[in-house]
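Below are my notes, in the order I looked things up.

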Amino acid sequence: MTTNKELYVPKGATADAHHVLDIGPERAGWAHAGLRIVELAPGGTHTFATGDSEWIVLPLTGGCTVRTEQEEFQLLGRESVFASVTDFAYAPRDARVQIASGAGGRFALAGARCERRLPARYGPAPEVPMEERGSGNRLRHVRNFASADAFACDKLIAVEVITPGGNWSSYPPHKHDEHRPGEESELEEIYYFEIDGPHGYGYQRVSPSREGGSDLLAEVRTGDVVLVPDGWHGPSIAQPGHDMYYLNVMAGPGETREWRICFHPDHTEGY
């Protein structure tokens, strides 16, 4: 069984000289999904090799230039994750990437180990599919910037969710920890959280879908991460008066890149 300590990663726990957050497959204890966050001072740069993974550079605050060996993309970025959707850049495996920011900012690198080397590409903000999911106090706003049907990757799936203060999201609880063709895909998942306001918080639940499976109830604040290797996940609950943002990064072993989920049979209302 994965312990609560391993599933909940508080802000700063994986920081190093180059990242404020660095969770690779080895740290997570799985095989595919990863997430890094870099903070750049005005005029700062960050260079990295993509290795055996594909990566999306996603501005959280600020804008930047993303350069690979053959391409250069200007990302306008955004003021904050609560202000708007953002443009982004895709970097393929086996490449060298530089991120440079004249005004400084904070940038997420969502990654997944992959097999195919796809071309580097720019993702315009106006082309990001937007979705309202649920209703009432289960309403949330989903930005499907790299969902399986919105942007081509080999293994990586990534979306953003804004949950209004006082609302529940990731509800009904659902799972994607088994390969069942046409019904459920096997995907590891990372939740990265930000809460609007200096004292805001939320809660994240992960419950076992099998004997000895993952089990967690965590209070989350800005910069915290929850890992979901298996199990029912949800709800994600936002404190009243404080909107909650999370970035979901997913990847798995399936030959087909798809997001197929199974809802908890005891909680099927309110999708």
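**A glycine to start.** I looked up Gly24, and at 18% relative accessibility it counts as buried, because buried means under 20% relative accessible area, with exposed over 50% and partly exposed in between (1.4 Å probe, protein chains only). Gly24 is in the loop between strand 2 (21–23) and helix 2 (25–28). Helices (H or I, at least four residues) and strands (E, at least two) are DSSP runs, numbered from the N terminus. Leaving aside neighbours within four places in sequence, I find Gly24 in contact with Ala33 and Gly34; contact means heavy atoms within 4.5 Å. I also checked Gly24 against Gly12: they are 12 residues apart in sequence and 15 Å apart in space, C-alpha to C-alpha.

**A note on the source.** This is a predicted model, where local features need pLDDT of at least 70, side-chain atom pairs count only at pLDDT 80 or more, and totals for chains, interfaces and linings use all residues. Residues are numbered from 1 along each chain as its sequence is written, and side-chain values use heavy atoms, with hydrogens and water left out.

Next I went for a sheet: 7 strands form an open one in the order 1-19-16-21-13-12-11, with antiparallel pairing. Two strands pair if DSSP finds at least two bridges between them. Strand 1 (8–9) and strand 11 (130–133) are the edges, each pairing on one side only. Inside the order, strand 16 (residues 188–195) and strand 19 (residues 225–228) run antiparallel and are joined by 4 bridges. I noted that Tyr192 stands opposite Val225 in strand 19.

**The core.** Which residues have the most contacts inside the largest nonpolar core? They are Ile56, Phe145, Tyr192 and Leu247, in a core of 35 residues. Strand 21 (residues 244–251) gives the largest share of this core, 4 residues. A nonpolar core here is a set of buried Ala, Val, Leu, Ile, Met, Phe, Trp, Tyr and Cys residues joined through side-chain atoms within 4.5 Å. In soluble globular proteins, nonpolar side chains tend to be buried together. Back at Tyr192, I listed its contacts beyond four places in sequence, among them Leu21, Leu60, Arg106, Val225 and Leu247.

**Strand 4.** Strand 4 (residues 44–49) has Gly44, His46 and Phe48 on a covered face, and Thr45, Thr47 and Ala49 on an uncovered one. In a regular strand the side chains alternate between the two faces of the sheet. Strand 4 runs antiparallel to strand 8 (residues 96–101), and 6 bridges join them. His46 has Ile99 as its bridge partner in strand 8.

**A loop serine.** Ser147 is in the loop between strand 12 (140–146) and strand 13 (157–163). Buried or exposed, I wondered about Ser147? At 8% relative accessibility, Ser147 counts as buried. Its side chain makes a polar contact of 2.9 Å with that of Asp149; such a contact is a pair of N or O atoms within 3.5 Å, where within protein one must be able to donate a hydrogen and the other to accept it, and residues adjacent in sequence count only if both atoms are side-chain atoms. Beyond four places in sequence, Ser147 is in contact with Ile157, Ala158, Val159 and Arg257.

**Cysteines.** I searched the whole structure and got 0 disulfides, a disulfide being a pair of cysteine sulfur atoms within 2.5 Å. Cys64 is in none, as the nearest cysteine sulfur, that of Cys153, is 17 Å away. For Cys153, the closest cysteine sulfur is in Cys114 at 8.9 Å, too far for a bond. Cys64 is buried at 5% relative accessible area, and Cys153 is buried at 4%.
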